Amino acid sequence: MTLKDLYKKVAKCEKCPLYKGRTNAVPGEGSETAEIMFIGEGPGKDEDLQGRPFVGAAGKFLTAMIEGIGLKREDVYIANVVKCRPPNNRDPEQKEIDTCWGYLEEQINIIKPKIIVTLGRHSMGRFMQGLKISQVHGSPKRASGIWQKRQVYLPLYHPAAALYDPRQRDVHMADFKKIPLILKKIKEGNDS
Ligand code: URA
Ligand code: SF4
């Protein structure tokens with residue numbers, strides 16, 4: 001299975017009711033060999049129209065932060081826990097997330113990221129249970145992974161939460177800037 005094969009499957013998927021409201025499915029995009037994978041919640045209006053993840057207002061902020069640590073969007077991989085837009089941007093339901101999960105699992109197995117950055121509590125909650133984002137944001141965690149037993153995760157607030165709140169923005173940027181050092185430590189086998 002390649003990412004392209006997966007994109008074709010997602011484009012035709014009717015496994016959960018979210019397919020009914022989509023203009024385009026938004027499977028994800030980026031490098032097949034990315035070391036960093038960002039995982040958000042689900043497509044919004046702009047994403048649904050363009051078929052690309054994080055291209056609206058929250059996406060512009062995310063892109064600026066990625067560039068702020070010296071990377072481009074093409075260097076990383078960006079995906080969501082659900083690939084089709086929930087109506088009126090409501091939260092994805094647990095059942096929808098579970099139904100869509102196989103696609104994300106395949107993406108992770110293909111890409112084999114060194115670090116998974118979860119954006120928002122819905123994404124965090126699918127990988128690690130029982131955590132409060134207000135307590136753990138910006139702290140890397142090792143937990144069971146898809147392609148390796150001990151995966152490094154970095155839980156971050158969702159960038160949309162920071163859009164209109166300058167204080168949140170500072171918190172978000174400070175958390176984000178930890179990514180290069182965490183990655184360096186993982187590569188040195190020194191991340192505990
Ligand atoms: N919010 C998300 O969680 N994902 C997107 O792709 C866009 C906005
Ligand atoms: Fe299929 Fe996922 Fe879209 Fe539901 S959200 S229709 S499971 S691709």
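**Ligand 2 and its cavity**

I started with ligand 2 and found that it sits in the largest cavity. I keep in mind that this is a predicted model.

Next I asked which residues are around ligand 2. My list reads Cys-13, Cys-16, Tyr-19, Arg-22, Lys-83, Cys-84, Cys-100 and Tyr-103. Sorted by class, this shell has six nonpolar and two charged residues, and no polar ones.

I then checked Cys-16 and Cys-84: are they buried or exposed? Cys-16 has 15% relative accessibility, so it counts as buried, because the cut-off for buried is under 20%. Cys-84 is at 9% relative accessibility and therefore counts as buried too.

**Strand β6**

I moved on to strand β6, residues 151–156. Six of its six residues are buried, so the strand is largely enclosed by the rest of the structure.

Here is a handy reminder for myself: in a regular strand, side chains alternate between the two faces of the sheet. I looked at both faces of β6 and found them covered. Gln-151, Tyr-153 and Pro-155 are buried on one side, and Val-152, Leu-154 and Leu-156 are buried on the other.

**Partners of β6**

Which way does β4 run relative to β6, parallel or antiparallel? Strand β4, residues 115–119, runs parallel to β6, and five bridges join them. I noted one pair here: Val-117 has Leu-154 of β6 as its bridge partner.

Strand β5, residues 141–143, pairs with β6 in the antiparallel sense over three bridges. For Ala-143, I found that the bridge partner in β6 is Gln-151.

Notes
Residues numbered from 1 in each chain as written. Chains lettered and ligands numbered in written order. Predicted model: local features only at pLDDT ≥ 70, side-chain atom pairs only at ≥ 80, totals over all residues. Heavy atoms only, no water. Buried < 20%, exposed > 50% of the residue type's maximum accessible area, 1.4 Å probe, protein only. Near = heavy atom within 4 Å. 1 Å grid on protein atoms, 1.4 Å probe; cavity = no way out; pocket = protein on both sides within 12 Å on 5 of 7 lines; lining within 4 Å. Sits in = over half its atoms within 2 Å of the grid points. Nonpolar A, V, L, I, M, F, W, Y, C, P; charged D, E, K, R; others polar. Helix = DSSP H or I, 4+ residues; strand = E, 2+ residues; numbered from the N terminus. Pairing = 2+ DSSP bridges.
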